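Here are some exercises to work through with the sequence and the model side by side. Try each task before you read its solution.

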Amino acid sequence: MSDHDPNDPPREEFHHDPIEHAAVSGGMTVGELATEYGKAGIGANALAEAVDIYAEMLDPEVTTFVGLAGAMVPAGMRQVVVDLIRDGHVDVLVTTGANLTHDTIEAIGGKHHHGRDHGDGSLREHDETLRDEQVDRIFDVYLPQEHFALLESHLREEVFPAIEETVSIARLTDELGRANAEVNRQEGIDEDPGIAAAAHEHDVPIYAPAIQDSVLGLQAWLYSQTTDFSLDALDDMNGLNDIAYEADSTGAVVVGGGVPKNYVLQTMLVAPDAYDYAVQLTMDPEHAGGLSGATLEEARSWGKLEKAARNASVYADATITLPLLVAAARERAAETE
């Protein structure tokens with residue numbers, strides 16, 4: 001092939017960073033796999049970059065905000081988040097009332113189950129059968145409805161009576177964690193007490209700004225109809241913004257989109273600085289113009305990320321990418337200690 005003609009328009013000199021092709025082998029670690037991903041392009045390279053960034057965020061000097069949307073708890077990602085909280089890698093958790101609902105069900109003895117087809121009929125007929133059998137479906141995850149009755153009793157007996165006043169949502173989630181841990185221990189439940197319990201134990205605030213959009217929120221509303229219990233959503237902004245304002249260095253890990261994503265990112269609009277690091281795991285495309293698929297570069301235009309912030313977005317199922325991200329980043333961070 002002939003050399004590039006110097007009379008042609010100038011272009012980048014291609015003497016650096018060639019695609020080297022990933023190589024995999026039996027027995028390699030997740031961190032080693034992430035390094036191989038970095039030799040490739042497209043999604044593999046994005047995940048490798050996210051690992052590099054998140055490994056830096058695991059520095060204790062970085063205040064880390066985690067946004068957790070989607071069905072991450074019923075899908076089996078609960079322990080990943082619990083371990084991050086217990087190891088000091090989560091300073092603020094923003095999640096959905098739904099994830100807290102399912103976290104609590106597991107803490108007090110309920111279980112989610114792998115789905116199993118009950119016949120050869122259509123999916124609609126299958127769901128109609130599940131309706132008759134009182135089983136709720138989240139894609140391929142099933143939850144017997146009696147667990148929601150267990151949840152209601154737990155909330156009315158162990159959580160709500162401890163408050164009986166107007167409180168922030170963060171106060172409610174803290175009481176939820178306390179009660180989940182106590183019942184889990186007292187009943188000898190053969191399951192980890194979970195996310196809310198770990199957050200309570202380690203003084204990590206949990207914010208659920210759209211808590212009404214969940215069974216937990218519905219139960220809170222029902223309880224408020226006959227008691228003095230009520231929630232003040234604006235009160236949450238005090239503690240959340242204080243953490244952002246006082247942090248020297250900040251990072252955001254956004255799993256999924258929706259309210260948790262925006263709540264995490266918009267916090268920097270009232271802080272003196274913006275995020276220094278950000279990693280996003282999503283399947284939503286940016287071209288639809290919705291928040292869930294909006295790039296972190298777009299967030300930079302709002303002042304939510306520093307101009308020089310390191311950031312990466314990985315477009316893939318978060319039940320696949322979150323464990324890979326966490327395992328590889330923790331391995332890499334441990335190597336530098």
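Predicted model: local features only at pLDDT ≥ 70, side-chain atom pairs only at ≥ 80, totals over all residues.

Residues are numbered from 1 along each chain as its sequence is written, and side-chain values use heavy atoms, leaving out hydrogens and water.

**Exercise 1. Work out the strand order of the 6-stranded open sheet.**

Solution. Start with the terms: helices (H or I, at least four residues) and strands (E, at least two) are DSSP runs, numbered from the N terminus, and two strands pair if DSSP finds at least two bridges between them.

Step 1: the order reads β7-β2-β1-β9-β10-β11, and the pairing is parallel. The edges are β7 (206-207) and β11 (305-315), each of which pairs on one side only.

Step 2: look at one pair. Strand β1 (residues 62-68) runs parallel to strand β2 (residues 92-95), and 4 bridges join them. Valine 66 has leucine 93 in β2 as its bridge partner.

Step 3: Angles run from 0 to 180 degrees between N-to-C directions, with axes fitted as lines to C-alpha atoms, for helices over the stretch in contact. Helix α11 (residues 258-266) lies across β1, β2, β7, β9 (249-255), β10 and β11, at about 155° to β1. Helix α13 also packs on the sheet, where it touches β9, β10 and β11 and makes about 140° with β10.

**Exercise 2. Which strands stand at the edges of the antiparallel sheet, and why is one side of each left without a neighbour?**

Solution. Step 1: this open sheet has 3 strands in the order β3-β5-β4.

Step 1: β3 and β4 (135-138) are the edges; each has a single partner strand, so one side of each lacks a neighbour in the sheet.

Step 2: β3 pairs with strand β5 (residues 141-144) over 2 bridges, and histidine 113 stands opposite tyrosine 142 in β5. Helix α5 (residues 123-132) lies across β4 and β5, at about 140° to β4.

**Exercise 3. What classes of residue line the largest cavity?**

Solution. Step 1: on a 1 Å grid over the protein atoms alone, a cavity is a set of points where a 1.4 Å probe fits but cannot get out; lining residues have an atom within 4 Å of a point. Grid points are joined across faces, edges and corners, and a volume is the space filled by probe spheres set on the points.

Step 1: there are 3 cavities of 30 Å³ or more, and the largest holds about 70 Å³.

Step 2: its lining includes Val66, Leu84, Val253 and Leu322. By class the lining has 10 nonpolar, no polar and no charged residues (Ala, Val, Leu, Ile, Met, Phe, Trp, Tyr, Cys and Pro count as nonpolar, Asp, Glu, Lys and Arg as charged, and the others, Gly among them, as polar).

Technical notes
Contact = heavy atoms within 4.5 Å. 1 Å grid on protein atoms, 1.4 Å probe; cavity = no way out; pocket = protein on both sides within 12 Å on 5 of 7 lines; lining within 4 Å.
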